[in-house]
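Work through the exercises below with the sequence and the model open. Each task is followed by a solution in steps.

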Amino acid sequence: MWQTIKNAFSDKSIRSKMFATFGLLLAFRIGCWIPLPGISADFYAGQFGGNGETSNTIFQLLSMMSGGSMQYLTLFALGILPFINSFIIMQLLTLIIPPLERLSKQGDEGREKITIITRYVAIALAIVQAIGIVVAYKDYIDPMFNEKNGWLTAIMIIALLVSGSTVVMWLGERITELGIGNGTSLIIFSGILSSFGLALVNTIPQIQNDPTKLWNLFGYILVVLFLFAFIVFVDGGERRIKVNYAKQVKGNKMYGGQSTFIPIKVNSSGVMPIIFASSFMTIPMMIFQFTGQDSQAFANYMIYCYPGNSTSPWQWVGWVFYYLVMLVLIIFFAYFYAQIQFNPQDVARNLQQYGGSIQGIRSGKPTSDYLQKINNRIVLFGALFLGFIAIVPAALFQVIGSGLNLNNAISSTGMLIAVSVALEFNKQLEGQLMMKHYKGFLK
């Protein structure tokens, strides 16, 4: 990867694209530190800290993916998340709404129309999220909010949050257009790395006060490196199903007679099952946050259904229940997403049309059934891998990183996203370099 980056910098046009990418990402990071007026930042930041049971909420994931901007409610607090949610919603709606499905099959023009709709849906989601933040934490906004014209302060904050999210969406599209790689993924990637880096920097005063905590830091970093290596290893794994093409004579030429393979990735669904499962698991906590946390129902939920910081002897029940449900949801969404990405019937139909066949398997439905069987096995292994990544690191980080408040520095979702984006960025650079070599050969 380092050699690829070195070769990319030696080419003027690719170097310009890389500088454009870094410049736009820098603009995003600057916006993450512009504070919003009228916010009691100290209290709001306390909702993301490591103290108390209320700190383990959905906002931890939002803050990590926004590079810490959500933690202090800055201009880019909503970040790219409304656009991501809109993109996921549009993907699902394209499968069930015929007009959207027809648009998706109309080439570049249809995809452009879907992109425009996605932008409007993202703005609508940003408005809803901004209103939710203002209403949920209205008591900690500037006292003007509680005065006669306090609604003007609320409108101003909502408008700034939505505007910031729109600017981030625009920056992501400009990175995709002018830079290298997918802008949305790179913005999330930069946010995750910056949050992790800030968390490590914040451990310096703690280590100075207690040098023995240096071993906690070493152990934490070793676990992170091992998990990164494990994710990279599994991410590159795939099952290759050999396909033979029969020889066909057309006119005076002979076609076919070659062998290729169908690659089925072990983790073809990427991080999406974890994101979907995490979203479902945070719904009860979100409801309690908006309706009140003083009820007995909330106390019981934190003890028996949530891996929080309770000192109750029954806290282990919450850990088991929470992560067991999480594992079931991850497996479910892994199969759900695999059905969207890989259709054995279409693959079998294409193979039969072009004279391809899998050795020992008849064409048509037997090929489709065989591919479905192989895909189900691989998806199960990939789902168990995602379950391991989602559950085991959380427990390890809770034990190793709690002494330095690093247990929330980076999550399994963040690691998967970071690895996926880094590998994709490397592939994009290699593709750019290969295109340059081909152009030179053709000249």
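Of the 443 residues in the protein, 43% are buried, where buried means under 20% relative accessible area, exposed over 50% and partly exposed in between (1.4 Å probe, protein chains only). The model is predicted, so local features need pLDDT of at least 70 and side-chain atom pairs count only at pLDDT 80 or more, while totals for chains, interfaces and linings use all residues. Residues are numbered from 1 along each chain as its sequence is written, and side-chain values use heavy atoms, with hydrogens and water left out.

**Exercise 1.** State where N375 lies and decide whether N375 is buried or exposed.

Solution. 
Step 1: Find the element. N375 belongs to helix 17, residues 365-400. Helices (H or I, at least four residues) and strands (E, at least two) are DSSP runs, numbered from the N terminus.
Step 2: Apply the cut-off. The relative accessibility of N375 is 3%, so N375 counts as buried.
Step 3: List the neighbours. Leaving out residues up to four places away in sequence, N375 touches I264, A338 and F342; contact means heavy atoms within 4.5 Å.

**Exercise 2.** Describe how helix 2 and helix 9 pack.

Solution. 
Step 1: Two packed helices are described by the angle between their axes and the distance between the axes.
Step 2: Helix 2 (residues 12-31) and helix 9 (residues 183-201) pack at about 60°, and their axes are 10 Å apart.
Step 3: Helix 2 is therefore oblique to helix 9, since angles under 35 degrees count as roughly parallel, over 145 as roughly antiparallel, 65 to 115 as roughly perpendicular and the rest as oblique.
Step 4: Name the residues that meet. T21, L25, F28 and R29 of helix 2 meet L186, I187, S190, G191 and S194 of helix 9.

**Exercise 3.** How many residues does the largest nonpolar core have?

Solution. 
Step 1: A nonpolar core is a set of buried Ala, Val, Leu, Ile, Met, Phe, Trp, Tyr and Cys residues joined through side-chain atoms within 4.5 Å.
Step 2: The largest such core has 61 residues, and L416 is one of those with the most contacts inside it.
Step 3: Helix 18 (residues 412-442) gives this core its largest share, eight residues.

Methods
Axes fitted to C-alpha atoms, helices over the stretch in contact; angles between N-to-C directions.
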